[in-house]
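Dear colleague,

I am handing over the structure we spoke about, and the notes on what was found in it follow directly below. Please read them with the model open beside you.

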Amino acid sequence: MKITGTSFEKKLKAQTKHAKEHKLPIKHLAFPFISLFKRSKMKFNYKLHRLCGSAYGEPNASNTSSASAGGNIVYTSSGNVLLSPVSNRVQVVDLLTHTVRTLACEARSNIKTLAISPDDRLLLIIDTENHAMLVNFQRSVVLHRFTFKRTVRVCKFSPCGLYFAVSYGNHVQVWHAPGLRREFAPFVLHRTYTGLGAGVINIEWSPDSSVIMASSRSGTVRIWTIQTTEGYEPFTLSGHKCSVVGAFFEKIPPGSGGRLRKVYTVSSDGALVSWACTYSDEDDDLENKAGLIESSDAAVNFFGGSVNNAFSSQSENSGQSNMTQAEHLPKGVWNVSARHYFHQDTDVTATNFSTANNLLIVGFASGIFGLYELPSMSNIHTLSLSNQVIRTVAINDTGEWLAFGCPSSQQLLVWEWRSETYIIKQRGHAYGMRCMAYSNDGVVVATGGEDGSIKLWNTSSGFCYCTLKSHTAAITACVFSNSSVVLTSSLDGTVRAHDLHRYRNFRTYTSPTPCQFTSLAVDPSGEVVVAGTMDPFHIYTWSMQNGKLLDILTGHVGPISDLRFHPTRGTLASASWDGTVKVWDLYKREGEPESIKHAQDVVCCAFRPDGKHMCTGTIGGLLSIWNVDDCKLVCEIDGKRDIAGGKFTSKTICVIRVGQNEL
Amino acid sequence: MTSDNNSSSRYFTSVCYSADGSCVLAGGNSKYICIYEISQQILVKKFQVSFNRSLDGILDELNSKKLADGGPIDVNDDSGDEADFSANVPGAKRGDDGSRKSRVEVMTAQVAFSSTGREWAAVSNEGLHVYSLDDDMIFDPISLTEEITPGAVRANLRTGKHSIALLISLHLNEYALVREVLEETPYGSIPHVVKAIGSEHLERLMQFISKCMLDSPHLEFYMAWCLEMLKTHGLFMEKQRGGFMRAFRAMNRSVQIHHDELKRICDENRYTLDFMEDQTQIILDRN
């Protein structure tokens with residue numbers, strides 16, 4: 001039994017013959033496209049691999065309103081991988097291998113908050129429409145979708161991994177964390193906790209997951225137990241004038257009976273209050289007791305060696321495990337033990353606490369962050385990252401890498417505070433991206449933005465490694481001349497050439513009268529640069545080497561939309577809104593350009609890599625393939641129905657008014 | 001209906017040919033990007049750039065609940081209770097009059113194929129979307145017979161018939177298998193194995209080698225493979241240049257990446273050695 005390509009073809013031919021004889025439509029044949037795939041050898045299972053551009057926040061957001069945009073960033077349990085929300089996707093930044101990839105799943109709208117389970121298996125993503133997605137993080141498969149009826153601002157998995165808590169308007173809801181298996185209704189509500197006056201903005205779990213604490217916009221913090229605990233009234237800590245940005249439990253030192261002793265709360269006006277809990281069933285001379293235990297331990301160690309030591313620690317552990325932290329709480333009373341102020345003159349916008357290392361990070365609206373050691377509240381250092389609001393901060397488990405997200409500049413920073421170096425410093429184009437070009441070897445991608453900056457991206461890591469800021473207005477086109485020269489045209493009236501060895505602008509091309517360039521091409525040998533403009537309908541040609549204007553090509557009667565050089569010959573195709581594509585021979589002195597007429601405005605054109613065909617696109621959604629040698633039409637593809645889809649809310653108002661006027 | 005909101009008044013604003021010239025990739029002022037096959041003029045694949053409803057132009061049917069007389073109601077507009085940390089103009093009492101919310105339209109400004117043909121990218125309002133071919137999971141064998149099995153590959157490997165093993169694995173066209181055979185082949189017998197490869201497998205093998213080389217520590221080993229391929233089949237490939245362009249570029253890319261990485265380390269080492277040499281010289285001179 002041997003099935004080969006030729007036997008397929010024979011079969012296909014026989015079928016086609018049969019179909020022709022019986023006048024059957026071709027599409028009913030068994031393998032209608034086999035010849036196509038044999039011929040092109042191309043595969044089409046392209047998947048979104050990566051989203052370059054912004055590392056955090058929402059690309060293209062205007063700078064003032066976006067200060068509150070963007071979700072929170074989280075570390076995975078290993079502390080080497082950072083999850084950063086970018087509009088409705090999650091970027092996975094590996095800090096060790098220094099690569100970034102994008103999760104395949106996509107939220108319905110911009111992500112507001114995300115949480116990862118302690119074992120790194122489940123990722124919970126909640127968007128601005130309160131639509132939640134439960135994702136298997138390793139495979140990035142959506143397991144369940146769910147809509148919360150009220151606003152969700154934060155969500156957090158419990159340290160034991162059995163529950164997750166979400167803020168639910170003014171309430172806190174605790175849900176059972178689902179398993180990895182697909183279920184009909186994986187989300188099961190445990191309880192709703194109430195009693196806070198305004199929107200909940202932060203949730204914190206106690207180390208043994210038996211106590212939950214939430215802080216609100218009204219300046220109060222409330223402590224609940226997860227299971228009903230006899231005799232416990234949820235305690236409210238009120239000592240702030242402003243909304244409480246963060247509330248954290250202090251690490252429980254060994255030998256303190258496994259009870260919650262201290263809570264730190266940080267409010268947006270720059271105050272830190274530390275709360276201490278005193279338990280009525282404990283002696284006042286707790287200190288003495290602890291000291292006694294310690295000294296006796298030391299004595300045992302001294303005389304008995306390690307065996308007794310192990311015994312004593314074991315007994316201590318068993319003493320702890322009898323009661324949860326929640327069961328101790330009814331006997332406790334919380335009091336303010338100290339107040340500290342940050343003295344930064346701006347609002348606190350984000351804060352996080354590393355329990356293991358007792359480190360508090362505070363991010364301010366002015367772009368400054370401070371690192372403090374608690375409980376002494378000594379400032380380790382303060383640094384100004386940018387002049388943008390810091391929306392979220394995170395610290396990894398080992399407490400060495402601080403991550404910051406600034407939504408207005410779409411910036412993600414990872415700072416190693418001990419060595420005072422940046423691990424990652426990535427930001428996107430302000431106001432979005434406009435054009436891109438692959439380098440000839442496919443290793444580098446250059447993008448030009450509306451903010452006039454050019455960014456160079458490494459395609460294997462997905463990181464931007466260089467930003468060139470030589471233009472003063474939006475960049476409209478960029479092309480690679482060879483793998484080390486990138487040219488860009490801009491609305492500021494210049495075309496600039498950049499050297500990718502020294503990362504600088506080495507030549508600038510301008511027109512005699514200032515005009516805004518919208519299209520750009522460079523000839524295959526890299527000697528001639530051409531650029532088209534919107535207003536005088538001219539094409540300017542310069543010598544690449546000395547930057548001198550060689551010629552101005554006139555003849556179009558509409559703005560130039562696209563310019564392309566023939567891959568082997570020295571001819572140039574220019575597409576224009578006047579409905580023609582003109583093919584210019586730059587090296588011939590005289591002679592009119594060949595003009596190819598279209599029914600509608602031409603917006604794009606491209607040459608086939610072997611230079612025999614040219615493809616043009618018009619505003620009617622029509623793609624036309626032309627033979628380059630005789631300028632004859634080869635075929636046309638009507639893509640209008642393929643690309644149609646999607647309605648604009650912003651333009652419906654216009655529709656209504658037009659309708660009324662016509663009536 | 002104005003032409004602006006008519007869902008059928010979308011068009012392509014950027015086209016790009018694939019590396020082999022058989023297809024065009026086209027994107028425009030719509031959420032879709034299309035790949036067409038030229039010779040048959042058919043739509044091969046359609047990609048939706050984004051499903052993000054925070055953008056405009058994603059939904060095919062708008063919800064009339066969210067539309068009012070004065071325009072769309074943003075139901076999620078909770079800017080009132082969301083803390084606004086941006087600095088206001090001094091003296092402003094009603095917040096920032098200039099602040100407003102506008103939705104960004106989904107569109108594709110530019111599309112381009114990478115020269116390796118394994119990926120393409122599109123510029124949209126959300127950034128640069130890089131789509132790549134991830135065909136490890138796909139079983140796509142050629143000229144399959146009963147004798148061509150992974151077991152046969154391993155059996156031939158054990159008996160030292162490396163070229164037969166490589167041919168069978170190329171027929172099976174599975175990355176893991178080809179890589180196993182490539183790495184099992186002894187360094188000395190690479191030239192002989194390469195000679196046994198027929199012209200129909202060359203392009204495929206080159207793609208595999210460049211892919212293996214990307215993340216492999218056996219740099220010299222794979223360089224030897226590349227070199228032998230070019231030495232043995234270089235003339236043939238030169239004649240069939242068009243068909244091999246993608247493979248050449250993929251190979252060049254992997255070599256280039258390794259070169260860049262090594263260059264930096266080597267330079268650093270050289271400078272450190274120079275520095276140490278100078279320092280010892282200075283110390284010796286002082287003594």
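In chain B, Tyr175(B), Val178(B), Arg179(B) and Leu182(B) of helix α3(B) meet Phe208(B), Ile209(B), Lys211(B) and Cys212(B) of α5(B), where two residues are in contact if their C-beta atoms, placed from the backbone, lie within 7 Å. The residues of this contact divide into six nonpolar, no polar and two charged, with Ala, Val, Leu, Ile, Met, Phe, Trp, Tyr, Cys and Pro counted as nonpolar, Asp, Glu, Lys and Arg as charged, and the others, Gly among them, as polar.

Please bear in mind that this is a predicted model, in which local features need pLDDT of at least 70 and side-chain atom pairs count only at pLDDT 80 or more, while totals for chains, interfaces and linings use all residues. Residues are numbered from 1 along each chain as its sequence is written, and chains are lettered from A and ligands numbered from 1 in the order in which they are written.

Helix α3 (residues 175-184) of chain B packs against helix α5 (residues 199-214) of chain B at an angle of about 80 degrees, with the axes 10 Å apart; axes are lines fitted to C-alpha atoms, for helices over the stretch in contact, and angles run from 0 to 180 degrees between N-to-C directions. That makes α3(B) roughly perpendicular to α5(B), a term that covers 65 to 115 degrees. Helices (H or I, at least four residues) and strands (E, at least two) are DSSP runs, numbered from the N terminus.

The buried residues of α3(B) are Val178(B), Val181(B) and Leu182(B), a residue being buried if 20 or more other C-beta atoms lie within 10 Å of its own and exposed if 12 or fewer, with C-beta atoms placed from the backbone. Seen down the axis of α3(B), these residues fall within an arc of 100 degrees, so they line one face of the helix, the arc being that of the directions from the helix axis to the C-beta atoms. They pack against α1 (150-158), α2 (162-172), α5 and α6 (219-239) of chain B, whereas the face of α3(B) turned away from the buried side carries the exposed residues Ala176(B) and Glu183(B).

Elsewhere, an open sheet of four strands has the order β1(A)-β9(B)-β8(B)-β7(B), with antiparallel pairing, and two strands pair if DSSP finds at least two bridges between them. Its edge strands are β1 (46-52) of chain A and β7 (108-113) of chain B.

With kind regards

Methods. Parallel < 35°, antiparallel > 145°, perpendicular 65-115°, else oblique.
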